[in-house]
Amino acid sequence: MKLDLNIQPLSSWIKTGKEPLVIAGPCSAETEEQLVATAHLLAKTGRVTALRAGIWKPRTRPGEFEGIGSIGLEWLNRAKEETGLPTAIEVATAKHVEEALKAGVDILWVGARSTVNPFTVQEIADALRGVDVPVMVKNPVNPDLSLWIGALERINNAGITKLAAIHRGFSSHEKTAFRNEPMWDLAISLKTLAPHLPIINDPSHICGNRELLGYVAQKALDLDMQGLMIESHIDPSVAWTDAKQQVTPSSLVELIERLTLRKPDVQGNELKDKLAELRNHIDKIDDVVFQKMAERMQIVEKIGNYKKENGITILQVNRWDEILNKRVSYAKALKLSPEFAEKLLELIHSESIRKQTEIMNKDQAGQAQEKLTHV
Ligand code: PEP
Ligand code: MN
């Protein structure tokens, strides 16, 4: 299934010459001097295509700095006039949209806390109807692909065709090295469903620190994402918001220069042949994996029938523990990651349970169906 989004290419609304495409700027516009000076340093790097800054900030607790507000729109215009950088801000209400459009902001984005709420997204979409402005939609705070897609659809249905998604990671109760877990597979699923939708990666909000930015940015480029949004502040140590994750414009350049750019398509016949040979090999192995899986499921069916005849429960925890331990050690010896082995086994096991449950309940389901047809 593919998403039915009507999208114009990225190059129709943002300069795409620079590789990689970088949108940078402070988390928040704090003072006119801070914003304009940061913009100048960013423009001077020659690596930045657009200037970002939050002027209305969604904060978790009241009483924290909630953004400088509308006055920031004037500062952004000054920064744009002096540097030539187009501007990008977050909008979360119809009023934000109106003010941003009136001030001539070039690109709008919907924040993660807004994407979770269809009422909010619809309000923003309605305010955008009939307007030709580029909009980027951040993934929702929680790992729910449908919410992300829903928000993109609402904005697109309002007639916005200059559309992109921003991958900024997902909230998770587990404490890891990341502020927001990247959950790359969700971004990959979106890319698979909407191959023409540009995805911009936001390493700053994924990492929550400076140390991992380069690693995340590189991974995003290797997954063929179309650009990066990175928070940059003239003096991160005194930033009013997200101080730990912002980088100076000069550190930003260093980070960008360390990135390796790879191509999604293979060039050169020799490389193409080599890749084709390896892919052919993978295809054959995948065929065997599926064949073996089908054989395994046939045995599962036999076991299901046997358990049913003998009144044995489907799940025997000891047996499952034994399988898990044995297979994960085996996988480790084969140099497979234990996490991968465990995930794969759980998937296979849940399908086995589903099949056996079907077998156990076959007659009951049949009887229930019969009763229904006899009333
Ligand atoms: C931001 O970009 O500063 C921001 C608030 O991001 P998010 O919506 O991803 O939390
Ligand atoms: Mn921020």
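1. A residue counts as buried when its relative accessible area is under 20%, and Thr241, with a relative accessible area of 3%, is therefore buried in this structure. The model under discussion is a predicted one, and each value below should be read with that in mind.

2. Thr241 is found in the loop between β8 and α10, the latter spanning residues 249–258. Leaving aside residues up to four places away in sequence, Thr241 touches Cys27, Ser28, Glu30, Arg59, Phe65 and Gln246. The C-alpha atoms of Thr241 and Gly54 are separated by 9.9 Å, although these two residues are 187 residues apart along the chain.

3. Cys27, one of the residues that Thr241 touches, is also a ligand of the metal: the manganese ion (ligand 2) is coordinated by Cys27 through SG, His205 through NE2, Glu231 through OE and Asp242 through OD, at 2.1 to 2.4 Å. Along the chain, the donors of this manganese ion (ligand 2) follow the spacing C-x177-H-x25-E-x10-D. Because Cys27 lies in the loop between β1 (21–25) and α1 (32–45) while Glu231 belongs to strand β8 (residues 227–231), the pair ties together parts that are 204 residues apart in sequence. Both Cys27 and Glu231 are buried.

4. Gln34 has its place in helix α1, and at 7% relative accessibility Gln34 counts as buried, the cut-off being under 20%. When residues up to four places away in sequence are not counted, Gln34 touches Pro26, Ser28, Ala29, His233 and Ile234.

5. The axes of α1 and α2 come within 9 Å and cross at roughly 30°; since angles under 35 degrees count as roughly parallel, α1 is described as roughly parallel to α2. The crossing of α1 and α2 is right-handed.

6. On the α1 side, the contact is made by Glu32, Leu35, Val36, Ala39, His40 and Ala43, and on the α2 side by Gly72, Trp75, Leu76, Arg78, Ala79, Glu82 and Thr83. By residue class, the contact of α1 with α2 divides into seven nonpolar, three polar and three charged residues.

Methods. Residues numbered from 1 in each chain as written. Chains lettered and ligands numbered in written order. Predicted model: local features only at pLDDT ≥ 70, side-chain atom pairs only at ≥ 80, totals over all residues. Heavy atoms only, no water. Donors = N, O, S within 2.8 Å, 3.2 Å for Na, K, Ca; no water. Helix = DSSP H or I, 4+ residues; strand = E, 2+ residues; numbered from the N terminus. Buried < 20%, exposed > 50% of the residue type's maximum accessible area, 1.4 Å probe, protein only. Axes fitted to C-alpha atoms, helices over the stretch in contact; angles between N-to-C directions. Parallel < 35°, antiparallel > 145°, perpendicular 65-115°, else oblique. Left-handed = near helix turned anticlockwise from the far one by under 90°. Contact = heavy atoms within 4.5 Å. Nonpolar A, V, L, I, M, F, W, Y, C, P; charged D, E, K, R; others polar.
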